[in-house]
Amino acid sequence: MKRRQILGLLGIAVAGLLLAIGLPLVNPSPVIAQNSTILVSAAASLKEALEEIKPLYQQSKSDVNINYNFGASGALQQQIEQGAPADIFISAGKKQVDALEQKGLLVTGSRANLANNRLVLIVAQDVVGITSFYNLTDSKIKKIAIGEPRSVPAGQYGEQVLKKLKLYNQVKPKLVFANNVRQVLAAVESGNAEAGLVYATDAKISNKVKVVVAADDKFHSPIVYPMAVIKSSKNIPAAKEFIQFLSGSEAKTVLKKYGFLVS
C-alpha cells in the first residue's frame with residue numbers, strides 16, 4: 001500500500017477515535033491573539049466615559065490595548081467607508097451605523113445599543129434671561145452654535161427641534177455650525193456663541209455653561225448610541241469581547257456617572 005494511502009487511513013482512524021471519545025475536531029471558540037490592539041472610532045460625546053472605561057477593561061485584559069478615534073459620527077462613518085482602519089464603531093445616531101450595515105461593512109450580529117442621551121439648550125454661566133428655546137429669537141442672542149446636521153447627530157437632532165418648534169427659519173441666520181458637539185460646547189464656553197445645542201452629558205462636564213432646558217424627546221429622533229464590529233477588523237474576537245464589556249455593569253456604571261441613559 002502506498003505511503004499516501006496509509007497516511008490517509010491513519011487520519012480517518014484518528015478522526016474516528018476523537019469522535020468516539022467525544023473530543024471536538026476543531027475548537028469553535030475564537031482565539032484572541034495576545035497583545036491585540038483594538039481601534040474604536042467613537043462619537044466625540046463619549047470621550048470622557050470611554051477613557052475611564054479603558055483601564056477597567058484592561059484590569060482583566062492587560063494584553064489588549066484600546067485606542068480611540070473620537071470625532072463626529074458622520075465623519076467617522078465616511079472614514080470607515082473609505083477604508084480607514086477601525087475595529088469598532090460607536091455612533092451618536094442610528095443613521096450612520098445603518099448606512100454601514102446596509103453596505104455590508106459590519107460583522108453580522110455584533111450590533112448593540114450602548115446608551116441614550118438627551119439634547120439640551122446651554123448658555124454661558126453668566127447669561128441671564130434665557131429660559132426657553134423661544135428666547136433664541138431675542139436680539140441679544142447673536143450666535144447659536146449647533147453641530148453640522150449632515151455629519152453631527154447632535155446637529156441633526158437640534159435642527160429637528162428648531163423646526164418642530166417653528167423657530168428654524170427665524171434663527172437660521174444666527175446658526176454657527178461646528179464639526180462636532182464638543183466644538184459647540186467650546187463655542188459657548190468661550191463666548192463665541194451666546195447659546196448652543198449639545199447633549200446633557202456634554203453640559204455635565206463643563207463648569208462654564210448651564211442648561212436652560214432639555215428638548216422634549218418627541219421633538220427629535222431617539223438619541224441612541226449604536227455600536228458594532230467592523231467587518232474589515234483584524235481583531236474581530238477581541239472587538240466582540242470589548243463590546244460585551246461595554247454592555248456590562250461596570251461600563252454602565254461609568255456611563256451613568258457621565259449622564260448617559262442606560263438600561
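## Ground rules

Contact here means heavy atoms within 4.5 Å. The model is predicted, so local features need pLDDT of at least 70 and side-chain atom pairs count only at pLDDT 80 or more, while totals for chains, interfaces and linings use all residues. Residues are numbered from 1 along each chain as its sequence is written, and side-chain values use heavy atoms, with hydrogens and water left out.

Let's begin with one residue. Leaving aside residues up to four places away in sequence, Asn180 touches Ala44, Ala72 and Val152. Asn180 sits in the loop between strand E7 (175-178) and helix H7 (181-190); helices (H or I, at least four residues) and strands (E, at least two) are DSSP runs, numbered from the N terminus. Asn180 is buried, with a relative accessible area of 15%. For reference, buried means under 20% relative accessible area, exposed over 50%, and partly exposed in between (1.4 Å probe, protein chains only).

Asn180 also caps the N-terminal end of H7, with a side-chain oxygen 3.0 Å from the backbone nitrogen of Arg182. That falls under the polar contact rule: a pair of N or O atoms within 3.5 Å, where within protein one must be able to donate a hydrogen and the other to accept it, and residues adjacent in sequence count only if both atoms are side-chain atoms. Further along, Val181, Arg182, Val184, Leu185, Ala187 and Val188 are the buried residues of H7. After H7 comes Gly191, with a positive phi near 85°.

Two strands pair if DSSP finds at least two bridges between them.

What about the loop between H5 and helix H6 (168-171)? It holds Lys166, which has a positive phi of about 60° although it is not a glycine. Lys166 counts as exposed, at 68% relative accessibility.

## The other sheet

Another open sheet has 5 strands in the order E2-E1-E3-E10-E4, again with mixed pairing. Its edge strands are E2 (64-71) and E4 (112-116), and the twist averages 20° from one strand to the next. Strand E1 (residues 36-43) runs parallel to E2, joined by 8 bridges; Ile38 has Ile66 of E2 as its bridge partner. Helix H9 (residues 236-246) packs on this sheet, touching E1, E2, strand E3 (88-90), E4 and strand E10 (224-229), at about 155° to the direction of E10.

## H2 against H9

Helix H2 (residues 47-58) packs with H9 at an angle of about 110°, with their axes 11 Å apart. H2 and H9 are therefore roughly perpendicular (under 35 degrees is roughly parallel, over 145 roughly antiparallel, 65 to 115 roughly perpendicular and the rest oblique). The contact uses Leu50, Ile53, Leu56 and Tyr57 of H2, and Ala238, Glu241, Phe242, Phe245 and Leu246 of H9.

Key:
Axes fitted to C-alpha atoms, helices over the stretch in contact; angles between N-to-C directions.
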